[in-house]
Amino acid sequence: MTPVRKTYKRNVIIEVTTNLMFPLILLFGLYVMIGTGGTGGGFQGGTILASAYILYITVFGHEKGREKMPESVNALFKSLGLFLYNGAGWICVLFSLATAQWLNMPAFWPVTDFVGVAGARSFLVGYMVSVGIGLTVMAAFVSQYFDLAWKEDDEMEGGEE
Amino acid sequence: MIVPIDLLLLLFLLIVGIAALWVKDLLAAIVLTGAYSFIMANVWLQLGATDVAFTEAAVGAGASTALMMACLSRVPRWEKK
């Protein structure tokens, strides 16, 4: 697909504000995802991360948005989130943290001896699962928005030809 | 939970919901839906469910409105009479 430079009216205030707010929104998403004690969580943080990207794509168009979030990185995040989420469960099973106490794996892998069962469990629930959910939600939302924006441009090109 | 604020929010919710159904401009309907989500987030906050309020504000007022805007660019803006 040949890149079509769309002539739209640039608005300096909106672009500068977006450039300024983009990292702050990402930071706030990370804070919601892993920082807060009670409220927040993976889904909310992931949606806030995705809304930062959606803001960027809306303001700068999908070509610069693709530079910010390429397809390969999007697919990587989508599967990395699932991998982390699944891996937390597998670590629980392997180290007998929550589900499979009868396996008595800590006899072979004494990780929880120096971390502690409660510490390991809070790390898994508070960070690993949340980050996994957040990454997958972010990538899914961003790719959904990319699909919608892209099809719109395709149809416009087809209509012109 | 403060009862007058609650009643005021519910009144706003009713007005915005009926307006979103009544209006013929789909862009205005989307914006009204976003406003509905935002007021609903305040209602959740009033009820003490900060978690749900967070989700409602992020998904309902932010991402969902943006996705519906992207959909609107592919369909006609005005509802048929």
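Start with Met138(A): leaving aside residues up to four places away in sequence, this residue touches Gly46(A), Leu49(A), Ala50(A) and Phe77(A). Keep in mind that we're looking at a predicted model.

Met138(A) also turns up in the largest nonpolar core, which holds 41 residues. Along with Ala50(A), Tyr53(A), Val142(A) and Tyr145(A), it touches the most other members of that core. The largest share, 12 residues, belongs to α5(A).

Now for the place where the chains meet. Here 16 residues of chain A are in contact with 14 residues of chain B. On the chain A side, the elements giving two or more residues are α2 (42-68) and α5 (117-160), and α2(A) supplies the largest share with eight residues.

| Residue type, chain A side | Count |
|---|---|
| Nonpolar | eight residues |
| Polar | seven residues |
| Charged | one residue |

And how confident is the predictor? For the model, ipTM comes out at 0.71 and pTM at 0.75. Chain B has an average pLDDT of 87, with 99% of its residues scoring at least 70.

Methods
Residues are numbered from 1 along each chain as its sequence is written. Chains are lettered from A and ligands numbered from 1 in the order in which they are written. This is a predicted model: local features need pLDDT of at least 70, side-chain atom pairs count only at pLDDT 80 or more; totals for chains, interfaces and linings use all residues. Two residues are in contact if their C-beta atoms, placed from the backbone, lie within 7 Å. Helices (H or I, at least four residues) and strands (E, at least two) are DSSP runs, numbered from the N terminus. Ala, Val, Leu, Ile, Met, Phe, Trp, Tyr, Cys and Pro count as nonpolar, Asp, Glu, Lys and Arg as charged, and the others, Gly among them, as polar. pLDDT is the predictor's confidence in each residue, from 0 to 100. A nonpolar core is a set of buried Ala, Val, Leu, Ile, Met, Phe, Trp, Tyr and Cys residues joined through C-beta atoms within 7 Å. A residue is buried if 20 or more other C-beta atoms lie within 10 Å of its own, exposed if 12 or fewer, and partly exposed in between; C-beta atoms are placed from the backbone.
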